[in-house]
Structure formats: C-alpha cells, structure tokens
Amino acid sequence: MRAKASRSDHSDPAVEAVEFQPYVRPRSTFLQRLWRARLAYLFLLPSLLLTGWFSYVPAYTALTRAFTDWDGLNPPNFTGLENFRRAVSDPVMQEAGGHSAIWVALGLLLAVVPPLLVAELIYHLRGQRRQYFYRTLFVVPIVIPSLVLLLVWSNFYRSDGLINQVLGALHLTSLQHGWLSNPGTALYSLIFLGFPYIDAFYLLLLYAGLQGIPREVTEAARLDGASGLRRVFSIDLPLLAPQLRLIALLAIIGNVQYFISPLVLTSGGPGNATTVPALLMYQTATKFGEYGYAMAIAVLLFLVVVALTALSQRLSRNSAARS
C-alpha cells in the first residue's frame with residue numbers, strides 16, 4: 001500500500017508565499033486617528049482655546065490693526081504704511097531704540113557672566129550638601145515678586161537712599177545725586193537694578209551643563225595641567241555652548257520686550273532718558289489711545305526680535321562649525 005504524500009511535498013511555493021505573508025494593517029486617515037484620540041483632545045481643548053484667545057488673537061489683531069488708525073473702540077480706518085513711516089521718523093522712537101540697544105548689550109552680559117561665575121563656584125565646592133545649600137540659597141529669591149525688588153531699589157536710588165549714604169560714609173560726596181532723576185545715570189541705574197542679582201533659571205541651566213561634562217574630560221584636563229581659568233576657557237565654555245546660546249537668545253528676547261522697571265520707577269523719564277520701544281508702545285496705547293500706532297511699534301519690535309534671534313543662531317552655528 002502506497003503511503004500518502006505529505007502536504008509539504010506537493011505544496012506550491014506561490015501558495016506558501018501567500019499563506020505566510022504578514023498582515024499589514026490599513027493606514028488610518030487623519031479623522032480616524034483623531035476620533036481614536038478624541039478623549040485626549042477633549043481634555044486639551046480648554047487649554048487650546050485659552051491659548052488661542054489670549055496669545056494668537058492678540059497677535060493677529062496687532063498684525064492687522066497696525067495698518068490702521070484705531071482708537072481701540074471705533075471701527076479702524078486703513079492707513080497703509082503710515083504708522084510704520086511715523087515710527088521710523090519719530091525722534092522719540094529713535095531715542096528709545098538706542099536705549100533698547102544699550103539695554104540688550106548690557107543685559108546680555110548680566111545674563112551670562114554672573115550666573116556663569118556663581119555656577120562655577122558652586123560646582124567646585126567640595127561636598128554635595130554644600131552645593132545643594134548654595135544652589136538653594138540662590139534659587140529661593142525666585143519666589144519674591146519682582147515688584148518688591150523694584151520698590152526696594154527705588155529707595156536705594158533716592159537722594160537720601162542707601163547708595164548716597166554709603167558714598168557719604170566713604171567721603172565721596174561729589175558722587176552723590178539722584179540716580180533716577182539724573183538723565184545721565186537713570187538708564188544705567190535701571191539696567192543694573194538688583195546687581196549682582198543672579199537669575200535662578202540661568203544659574204541652574206549652567207550648573208546642570210557643568211554637571212553634564214564627562215568626568216573623563218575633566219580628569220584629562222587636570223592631568224594636562226588645565227586648571228582654574230584655563231580649564232574654564234578651554235573645557236567649560238566650549239562644552240557649555242548650547243546652554244550659553246539658549247541664555248543669550250532668551251536674554252535678547254526678554255530685554256527687547258522689557259519695560260516694567262521704566263514704567264514703575266521713572267515712567268520713561270526724566271524726559272525720555274529711560275524710554276524704550278516697549279514702554280513707548282504701552283504709553284501710546286494707554287495714555288494717548290493711538291492703538292494703531294502702538295501696534296505698529298509692536299510689529300516692529302517683533303521683526304527686531306526675529307532678526308536678532310536669527311543673527312544669534314547664525315553666529316552660534318558659525319562658532320560651532322569653527323570649533
């Protein structure tokens with residue numbers, strides 16, 4: 001009796017290929033994926049609506065009303081580029097732009113140098129407890145409202161304030177004056193307000209960058225005799241380049257848009273000695289009701305921030321490529 005041939009002996013290779021082909025799930029459409037994740041999008045919807053209303057709607061309004069004559073209440077009248085021509089030719093705006101350039105340059109130094117110095121000092125302390133204590137000590141002031149700092153320093157800058165009292169005790173009475181009422185010192189007094197105040201976020205960012213440096217690199221540098229300032233410039237600064245680029249970018253954006261201390265302490269005075277474009281935009285809208293012109297200034301500030309950000313990124317990429 002002839003034995004039956006097994007199925008594998010008479011199987012067709014083409015049939016086997018079809019039988020063992022893996023199952024490919026049909027690609028779902030965007031609406032199908034949206035429906036499957038409907039619960040997550042439902043919880044995100046309130047945040048998205050609030051973000052759109054308070055962030056994107058004002059930005060859209062500024063971009064569209066910058067080309068109009070608008071008082072904030074009545075229907076706007078289209079004026080084309082008139083507001084921008086006025087802003088470029090306005091001597092007050094030009095003076096405010098010069099003040100902003102000084103503020104950005106000095107503010108960039110204040111944002112990088114003091115936090116870097118303190119981060120290096122804390123990082124080189126012996127013992128994790130000491131590092132934790134001093135790191136916490138510099139972070140705690142972040143809970144104090146910035147308005148308190150402004151009010152305290154406004155008392156320091158008065159004619160009978162702490163700074164003039166210290167100068168009198170040092171027999172430097174010729175240097176005593178009203179620091180915020182003198183056009184020659186008012187702007188720099190605002191820029192260095194709180195000095196040597198250390199920004200907690202920048203400090204933690206640089207400190208984390210120092211902790212991320214591989215121990216093998218530091219040990220090799222020590223064996224090669226790189227210590228102190230030589231190590232800082234040869235090892236730390238090149239490896240902290242990403243953190244320094246981020247700090248520079250945030251400092252530029254923040255200082256271009258900042259106007260709280262001139263608003264609270266000097267209102268842009270004496271004269272226009274402490275007026276910056278952001279403060280001029282605010283006063284133009286709130287005091288004079290020229291919302292169209294104020295929004296044109298806002299658009300110009302936006303373009304300046306974009307240009308400075310692009311320039312900063314390009315310089316950072318070039319320096320990274322050379323290194």
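1. Which helices do the buried residues of α10 pack against? In this predicted model, they pack against α5 (91–123), α6 (128–139), α12 (229–239) and α13 (241–257). The buried residues of α10 are Ala-200, Tyr-202, Leu-203, Leu-205, Leu-206, Tyr-207, Gly-209 and Leu-210.

2. The length of α10 can be checked. The helix covers residues 200–211, which is 12 residues, and at 1.5 Å a residue it should span 16 Å. The C-alpha atoms at its ends are 16 Å apart, so the two values agree. At the start of α10, Asp-199 places a side-chain oxygen within 3.0 Å of the backbone nitrogen of Phe-201.

3. The largest nonpolar core is made up of 21 residues. Trp-103, Tyr-157, Leu-190, Leu-193, Val-256 and Leu-265 have the most contacts inside it. At least two residues of this core come from each of α5, α7 (146–156), α9 (186–191), α13, α15 (277–286) and α16 (291–322). The helix that gives the most is α9, with 3 residues. In soluble globular proteins, nonpolar side chains tend to be buried together.

4. With neighbours up to four places away in sequence left aside, Leu-265 is in contact with Leu-150, Ser-154, Leu-180, Leu-190 and Leu-193.

5. How do α12 and α13 pack, and at what angle? Their angle is about 60°, and their axes are 4 Å apart. From α12 the contact uses Leu-237, Pro-238 and Leu-239, and from α13 it uses Ala-241, Pro-242, Gln-243 and Leu-244. By type, the residues of this contact are 6 nonpolar, 1 polar and no charged.

6. Ser-189 is located in helix α9. Is Ser-189 buried or exposed? Its relative accessible area is 6%, below the 20% cut-off, so Ser-189 is buried. The side chain of Ser-189 reaches the backbone oxygen of Thr-185 at 2.6 Å. Leaving aside residues within four places in sequence, Ser-189 is in contact with Tyr-157, Trp-179 and Leu-180. Of these, Tyr-157 is among the residues with the most contacts inside the largest core.

7. Val-305 belongs to helix α16. With a relative accessible area of 11%, Val-305 is buried. Which residues does Val-305 contact, leaving aside its neighbours within four places in sequence? They are Ile-253 and Val-256. Ile-253 is 52 residues away from Val-305 along the chain, yet their C-alpha atoms are separated by 6.0 Å.

8. Gln-283 sits in helix α15. Gln-283 has a relative accessible area of 11% and is therefore counted as buried. Beyond residues up to four places away in sequence, Gln-283 touches Ser-267 and Phe-288.

9. Leu-167 is part of helix α8, residues 162–169. Its relative accessible area is 13%, so Leu-167 is buried.

Definitions and conventions: Residues numbered from 1 in each chain as written. Predicted model: local features only at pLDDT ≥ 70, side-chain atom pairs only at ≥ 80, totals over all residues. Heavy atoms only, no water. Expected span 1.5 Å × (residues − 1). Buried < 20%, exposed > 50% of the residue type's maximum accessible area, 1.4 Å probe, protein only. Contact = heavy atoms within 4.5 Å. Polar contact = N/O pair within 3.5 Å; in protein donor to acceptor, adjacent residues only side chain to side chain. Core = buried A, V, L, I, M, F, W, Y, C linked by side-chain atoms within 4.5 Å. Axes fitted to C-alpha atoms, helices over the stretch in contact; angles between N-to-C directions. Nonpolar A, V, L, I, M, F, W, Y, C, P; charged D, E, K, R; others polar.
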